[in-house]
Amino acid sequence: MRTTTLGTNGPEVGVIGLGCMGMSYAYDMQAERDDETAVSVIRGAIGLGATLIDTADVYGPYTNEELVGRALRGGFREQAVLSTKVGLEISNAAPAAGTMPGLVKNGRPEHIRESIDGSLRRLGTDHVDLYILHRVDPQVPLEESWGAMAQAVQDGKARAIGLSEASVEQIQLAQSVHPVTAVQSELSLWTRDRLSDVVPYCEANGLAFLPFSPLGRGFLTGRFTSFEDLPADDMRRRLPRFQQENLRTNLAIVQRVRDVAERVGATPGQVALAWVAAQGRRVIPIPGTKTPKHLRENVAAADLMLSDEDLAMLDNAPQPEGSRY
């Protein structure tokens, strides 16, 4: 796979990484999850050059970090660029704004300091390459949260730190305390908000931009044509864009992706990923998958170079109906 660097001075990584959340959390039915296959997918990703492996303590919670740690045994840790996150917790309280249902923000310094040790234990490593604040907690001054993140670097527990779903102003505030290496936010053909501000800022200032859900939570592959296609306990059933009326309207976006896919001889998922990767030289999408087949398909998208005409067709795809959360 072609490579880039994680920020200006960061480690070399493949231009497409691997998001591991869906292997343990949120998507599909729990009974259908297969840890043995997931381990093979993580190791296969590293072998194919998708070396940026992304997880978080809240996925499970905790079980996804344990799964990733298991996959990285036997010499795979040295080949991976490992990222995990802190700052969200599962709760029965009302969901935090800008997060999936059932999650609340916790950016207290003491929580961050305690959590890094738990993450390292579950991951079976003495450091992570990138430690990300999953969400900025409005109840805690960002300088305090970021100071605790920086302490993880000073203690040798993290090589670099980043932010998720942060504004340009929040990134700048964090940078005044300690360098920001990467910013992770949702970016896909049906979530383009950050193209007007955060992506250009990252490009101009040498920060990596890591798009999660670059396949629109699987929607842009054409897998779902009806609300009933979603498994019974799948988190997407609670998201506005997947409700039946919105979903039906949003199929126009999928059709645009299919039109381009037919033109270039690729799958819709590969076209959707290639569009995301084309948004900047520091943009490194981290699609998730649980199967070797889809892993190979996603990795192959790194070699798909869309023409200006193809990109324009996709740029003009309809805007989605429904909010993200």
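Predicted model: local features only at pLDDT ≥ 70, side-chain atom pairs only at ≥ 80, totals over all residues.
Local features here need pLDDT of at least 70, side-chain atom pairs count only at pLDDT 80 or more, and totals for chains, interfaces and linings use all residues. Residues are numbered from 1 along each chain as its sequence is written, and side-chain values use heavy atoms, with hydrogens and water left out.

**Stop 1: the largest pocket**

Select Gly22, Tyr27, Gly218, Gly288 and Thr289, which are the closest to the centre of the largest pocket among its 46 lining residues. The space in this pocket is about 930 Å³. A pocket is an open set of points on a 1 Å grid over the protein atoms alone, where a 1.4 Å probe fits, with protein on both sides within 12 Å along at least five of seven lines; lining residues have an atom within 4 Å of a point.

Next, colour α1 (35-47), α8 (268-277) and α9 (292-300), the elements that each give two or more residues to the lining. Helices are DSSP runs (H or I, at least four residues) and so are strands (E, at least two), numbered from the N terminus. The most comes from α9, with 3 residues.

**Stop 2**

Select Glu36 and Arg70, whose side chains meet in a salt bridge (2.2 Å, N to O). A salt bridge is a side-chain nitrogen of Lys or Arg within 4 Å of a carboxyl oxygen of Asp or Glu. Glu36 belongs to helix α1 and Arg70 to helix α2 (residues 63-71), so the pair ties together parts 34 residues apart in sequence. Glu36 is exposed, at 53% relative accessibility, while Arg70 is partly exposed, at 28%. Buried means under 20% relative accessible area, exposed over 50%, and partly exposed in between (1.4 Å probe, protein chains only).

**Stop 2**

Now select Glu165 and Arg135, a salt bridge with its closest N and O atoms 3.8 Å apart. Glu165 lies in the loop between β9 (161-164) and α5, and Arg135 in the loop between β8 (130-133) and α4 (142-154). Glu165 is buried, at 18%, and Arg135 is buried, at 7%.

**Stop 3: Thr181**

Finally, select Thr181, in the loop between α5 (168-175) and β10 (182-186). Thr181 is buried, with a relative accessible area of 18%. Leaving out residues up to four places away in sequence, Thr181 touches Leu6, Gly7, Leu130, Ala160, Ile161, Leu207 and Ala208, where contact means heavy atoms within 4.5 Å.

Methods:
Points joined across faces, edges and corners; volume = space filled by probe spheres on them.
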